[in-house]
Amino acid sequence: MTDRELIKQAKKAMEYAYVPYSRFKVGAALLTKDGMVFHGCNVENASYGATCCAERIAVFKAISEGKKFFEKIAVVSDSGKLTPPCGICRQVLLEFMPEGMVILENEIGEIKTYSVKELLPIGFTL
Ligand code: THU
């Protein structure tokens, strides 16, 4: 699957975002090494702190379905701007796809790719 196709899948996932508090929709699409796509959207909560980002939902869905080898994850938001993963999501990506890539789209529709290691250099591991 191309980066562009994965971005399209992330945009589809974004439609389901539950964002009554921030009104900021995020979508993610995670490609496994065996070619499956897991989708995620952000899901907010009245307590705010219980909110979960789109990226982590996609990763946790995949892990809970027995998949653990990932190639890349695309992330988009309805801001139309480049939407890089937050720090907590970077840490989760490092755990499950340290050699993986993050695919983003900027405000003029260009695809930008970053390695997980580039986004979280010297990340924490046990
Ligand atoms: N959000 C994500 O889904 N992914 C990120 O990496 C950054 C933030 C969500 C969380 C919250 O629902 C909204 O964006 C505003 O922070």
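Biologist: What makes cysteine 86 partly exposed, and neither buried nor exposed?

Modeller: Its relative accessible area is 31%, and buried means under 20%, exposed over 50% and partly exposed in between, with a 1.4 Å probe and protein chains only, so cysteine 86 counts as partly exposed. This is a predicted model, in which local features need pLDDT of at least 70 and side-chain atom pairs count only at pLDDT 80 or more, while totals for chains, interfaces and linings use all residues. Residues are numbered from 1 along each chain as its sequence is written, and side-chain values use heavy atoms, with hydrogens and water left out.

Biologist: Why is cysteine 41 called buried?

Modeller: Cysteine 41 has a relative accessible area of 11%, which falls in the buried class.

Biologist: How do you know that the sulfur of cysteine 41 is too far from the closest cysteine sulfur for a bond?

Modeller: A disulfide is a pair of cysteine sulfur atoms within 2.5 Å, whereas the sulfur of cysteine 41 is 9.7 Å from the closest one, in cysteine 52, and is therefore too far away. Cysteine 86 is in no disulfide either, as the nearest cysteine sulfur, that of cysteine 89, is 3.8 Å away. The count by this rule comes to 0 disulfides.

Biologist: What makes β1 and β3 a pair of strands?

Modeller: Two strands pair if DSSP finds at least two bridges between them, and 7 bridges join strand β1 (residues 26–32) to β3, the two running antiparallel. Glycine 27, for example, has valine 76 in β3 as its bridge partner. On β3 there is also a parallel pairing, with 4 bridges to strand β4 (residues 101–105), where methionine 101 is the bridge partner of lysine 72.

Biologist: Why is the pair of tyrosine 21 and tyrosine 48 called tilted?

Modeller: Rings of Phe, Tyr and Trp (its six-membered ring) pair if their centres lie within 6.5 Å, and planes under 30 degrees apart count as stacked, over 60 as edge-to-face and the rest as tilted. A search of the whole structure finds 1 aromatic pair. The ring centres of tyrosine 21 and tyrosine 48 are 5.5 Å apart with their planes at 40°, so the pair is tilted.
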